[in-house]
Amino acid sequence: MPSLLSHHHVKLFAVLLAANLALLLYLAAGDPIAPHDWVLLDILGEGGAALLALAWLGLLLKSRPAGRVTNLLSLGLSCVFFSLWVDCLDEFIQLPAAVHWDHWLESAPMPVGLLLLTYGLYHWHHEQLAISAQMEKRERLFREHLLFDKLTPLAGADYLRRQLQLSLEESRRERQPLSLIAVDLDDFDALNQRFGHAEGDEVLQAVTQLLLLNLRRQDLLCRLAGDRFVILLPNTGESQARQLAKEMALAVEHLAHKTRQHGERLQLKASVASTMALGENAEQLLRRLNLALAHAKQTLALSA
Ligand SMILES: Nc1nc2c(ncn2[C@@H]2O[C@H](COP(=O)(O)OP(=O)(O)OP(=O)(O)O)[C@@H](O)[C@H]2O)c(=O)[nH]1
């Protein structure tokens, strides 16, 4: 994927051009201050703040696609950077007392920048709400990007353990049942070998979308490892979990995934297992779920 930064090169160019023009203007109108008259603390404070604003701008442009929120935030940060940059210039260049435009150049962009940033953050807030709604079944009120895998993108085992611990405490407090489902693709290793790892990745992504579509709002889908998914089901008893697990298996079986290379339909299958919490801790519950899944796999192998 091309870097997002490359979409924003005009914005970056404009900021650096404005900064250089201000420098040239100062050099043309004033005299350089001798190094022994430099005030190091001011230079560090003002220069450091300008560099930080520029770094924020870089990070923003590197991580966000183009659009209104990005435009507002980047314009706001550019104004803040420019104001701090000009503020720093007078530490190196002395302007004649008759010059007044430097006050404008230094002070005017800052409030404009802060207003733009505030307006941008307001729209970013709405954008985040929309994104959070899409992520609902992946993160259940807790976001920690380091615990998410890049491929699907779903949270992994560590995230599941944390959420499971919290949900177990909640279910005890509220006296509500809690269940787990495991979904493990069958013969995924063979699929990888026959169609390649990249096709295997596509299958994992397709299955993730499929499972998410079949979940309720309060459920949480995690990728435990490889081709194994676990679903946390709050307020769900044993028979309902068993029914949901069957539905997941059926959904996978009916997925008409086509390979990227030849458009060939892959017949996918998944083994599923479900368990309801019986007062044990997260580790014990996950162990029981894994045993139930191993049993389901064994039954499948015997019947084959
Ligand atoms: N494409 C792809 N493959 C992965 C990924 N992570 C793990 N795998 C592969 O998933 C396969 C899992 O193999 P197994 O645990 O034997 O699963 P299986 O072949 O479905 O066997 P059963 O579960 O017993 O049916 C291995 O080939 C791993 O290399 C991934 O992110 N992408």
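Reply: A residue is called buried if 20 or more other C-beta atoms lie within 10 Å of its own, exposed if 12 or fewer, and partly exposed in between, with C-beta atoms placed from the backbone. Keep in mind that this is a predicted model: local features need pLDDT of at least 70, side-chain atom pairs count only at pLDDT 80 or more, and totals for chains, interfaces and linings use all residues. Residue numbers start from 1 along each chain as its sequence is written.

Me: Okay, is His 295 buried or exposed?

Reply: His 295 has 12 other C-beta atoms within 10 Å, so it is exposed. You'll find His 295 in helix H10; helices (H or I, at least four residues) and strands (E, at least two) are DSSP runs, numbered from the N terminus.

Me: And what percentage of the residues in the protein is buried?

Reply: Buried residues are 30% of the 304.

Me: Where do nonpolar residues gather into a core?

Reply: In soluble globular proteins, nonpolar side chains tend to be buried together. A nonpolar core here is a set of buried Ala, Val, Leu, Ile, Met, Phe, Trp, Tyr and Cys residues joined through C-beta atoms within 7 Å. The largest one has 38 residues, and Ile 181, Cys 222, Val 230, Ile 231 and Met 248 have the most contacts inside it. Strand S3 gives this core its largest share, 6 residues. There's also a second, separate core of 23 residues, with Tyr 26, Ala 53, Leu 61 and Val 69 among them.

Me: Which residues does Met 248 touch?

Reply: Two residues are in contact if their C-beta atoms, placed from the backbone, lie within 7 Å. Leaving out residues up to four places away in sequence, Met 248 touches Ile 181, Val 183, Leu 211, Asn 214, Ala 270 and Val 272.

Me: How many helices and strands are there in the protein?

Reply: You can count 10 helices and 8 strands. The radius of gyration (taken over C-alpha atoms) can be set against the globule rule, 2.2 Å times the number of residues to the power 0.38. For this protein it is 28 Å, well over the 19 Å that the rule gives for 304 residues, so the protein is more spread out than a compact globule.

Me: What domains does the assignment give?

Reply: Domain bounds come from an automatic or database domain assignment. Here that gives domain 1 (4-135) and domain 2 (145-303), and their centres, taken over C-alpha atoms, are 47 Å apart.
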